[in-house]
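Student: I have a sequence and a model open side by side. Can you show me how to read its features?

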Amino acid sequence: MTVDALTDVAGLRVGHATRTGDGWLTGTTVVLAPEGGAVAAVDVRGGGPGTKETDALDPRNVVQKVEAIVLTGGSAYGLDAASGVMAWLEERHRGVRVGVDPAHVVPVVPAACVFDLGRGGDFRARPDAATGRAAVEAAAASEVGAAVPEGCVGGGTGATVGPMKGGIGTASTVLDSGITVGALVVANASGSAVDPETGVLYGELFQGRVDYPEPRVQEAARRRLAESAAKNPLPPLNTTLAVVATDAELSKAQAQKLAGTAHDGIARAVRPVHLLNDGDTVFALATGARPLDAGNPLALNGLLAAGADAVTRAIVRAVRAAESVDGPGGAWPSYGELYAEPSGEPYGKR
C-alpha cells in the first residue's frame, strides 16, 4: 500500500519539528535514510542558497552515502539544526567510518535552509541543534511507509509562496518497472504558485483538468493579497527545497542528474524561479534496492521525468495544505482561504 509520499521509497522516514507561538513560526524536517545510508547528490540553482555539506555530495568526492538530509527554517542560522542530527547519528555509530572503533564515525548530514526569519514576530526565533534532534527523533519513531504530515509543519512552518502561505508537500509514483520515485518539498518561493489572471495553481496545469475560480472570487483574492502584502515589512528572501528519492540503484552521478532535472518540477509550479533572492536546492537519494536495466543506457530517463513530476505535485499539495497566518510577523493568506467555492472547499480540490 502506498501513501503518495516520499516514504513510499522503502526505508525512508520523515520527521518534523515545529515551533509556533510566542514569536516562533519555523521548524525543521529530517529525511532519515535506512541504516547504512543512501547514495546522495545535490543540485543548487538559486542565487542565494544556504547549505551545509553539499560539497561532499559532488560525484568526484569520497563520500558515497549519507544517513540523513535536513531541510530547515531559520535561514543560515537554522543550519545549526544539522548538528543535532549529527549527534543523534553519532550515538548510534551511523556515519562515515574513520577508525577501527565502530564508534569512530563522522556523520555527513547535508542540509539546506529557507528564509523565514521574523515571520513569527521574533527575528531570533529559529531552529537550533535541539530542533534538529527533535526532527530526527520523530523520523526514527515513525513507521516505515507512514504518511507524511503536510502544510505548515517542520521546515515549511514559516514558508511562503509569493504573497501566500506555503509549506511542506510530498508525492510519489511507481513506474512500470516497479521502481518508486518520490519527492518532499518545502515550498517557500519568491515567485508565485498561482496564475494571477485565473487563480489556478500553475502546477495543476500540468496535471490535467483544472477548475477555474469564478471572477468574483478572483477579484476578492487579489484584494486580499494586496492588503496582506502591505502588512509584511520583510523582503521576499525565499527558497524552495526538495528531496527526490528512489529505490533504484544509482551512482552519485546518476543521482546528481536526478536532482538536476527535478528542478524542472519547481519551474512548472512556481514562476519565476531560481532568482538571486532564492536558494532553490534539490537533494537526491537512492537506496539501491532495485537495479536499473543495465542493457538500456536510457533507463534513467523514466526516473528523471517522474522526479520532476513528483516535485510539481508536491508543491501543489504544499500550497493546498497550507493554512493562513496573520500575526506579529506578517500576514499570508492560504490558497484554500483565498479561492474557496460557495461550499467553502478550495476550487479544484478533488
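Student: How many salt bridges does the structure hold?
Tutor: This is a predicted model. It holds 16 salt bridges. Take arginine 317 and aspartate 4. They form a salt bridge, with the closest N and O atoms 2.6 Å apart. Then look at sequence position. Arginine 317 is in helix 5 (residues 300-321), while aspartate 4 is in the segment before strand 1 (13-21). The two are 313 residues apart, and the pair links distant parts of the chain.

Student: Is arginine 317 buried, partly exposed or exposed?
Tutor: Read the relative accessible area. Buried is under 20%, exposed is over 50%, and partly exposed lies in between. Arginine 317 has 24%, so it counts as partly exposed. Aspartate 4 is partly exposed too, with 24%.

Student: Which residue forms a salt bridge with aspartate 58?
Tutor: Arginine 60 does, and the closest N and O atoms are 2.7 Å apart. Check each partner separately. Aspartate 58 is buried at 18%, whereas arginine 60 is exposed at 73%.

Student: What does the salt bridge between arginine 320 and glutamate 204 tie together?
Tutor: Start with the distance: the closest N and O atoms are 2.8 Å apart. Arginine 320 lies in helix 5, and glutamate 204 lies in the loop between strand 13 and helix 3 (215-231), so the pair ties together parts that are 116 residues apart in sequence. Arginine 320 is buried at 15%. Glutamate 204 is buried at 12%. Salt bridges can also share partners: Asp4, Glu150, Arg313 and Arg317 are joined into one network that way.

Student: On to strands. How many residues of strand 13 are buried?
Tutor: Eight of the eight residues in strand 13 (residues 180-187) are buried. Now take the faces in turn. Thr180, Gly182, Leu184 and Val186 are on one side, and Val181, Ala183, Val185 and Ala187 are on the other. Both faces are covered.

Student: Which strands pair with strand 13?
Tutor: Strand 12 (residues 167-174) runs antiparallel to strand 13, joined by eight bridges. Within that pairing, glycine 169 has valine 185 as its bridge partner.

Student: What does the side chain of threonine 72 make a polar contact with?
Tutor: Its partner is the side chain of threonine 28, at 2.9 Å. Threonine 72 sits in strand 6 (residues 68-72) and is buried, with 0% relative accessible area.

Technical notes. Residues are numbered from 1 along each chain as its sequence is written. This is a predicted model: local features need pLDDT of at least 70, side-chain atom pairs count only at pLDDT 80 or more; totals for chains, interfaces and linings use all residues. Side-chain values use heavy atoms; hydrogens and water are left out. Helices (H or I, at least four residues) and strands (E, at least two) are DSSP runs, numbered from the N terminus. Buried means under 20% relative accessible area, exposed over 50%, partly exposed in between (1.4 Å probe, protein chains only). A polar contact is a pair of N or O atoms within 3.5 Å; within protein, one must be able to donate a hydrogen and the other to accept it, and residues adjacent in sequence count only if both atoms are side-chain atoms. Two strands pair if DSSP finds at least two bridges between them. A salt bridge is a side-chain nitrogen of Lys or Arg within 4 Å of a carboxyl oxygen of Asp or Glu.
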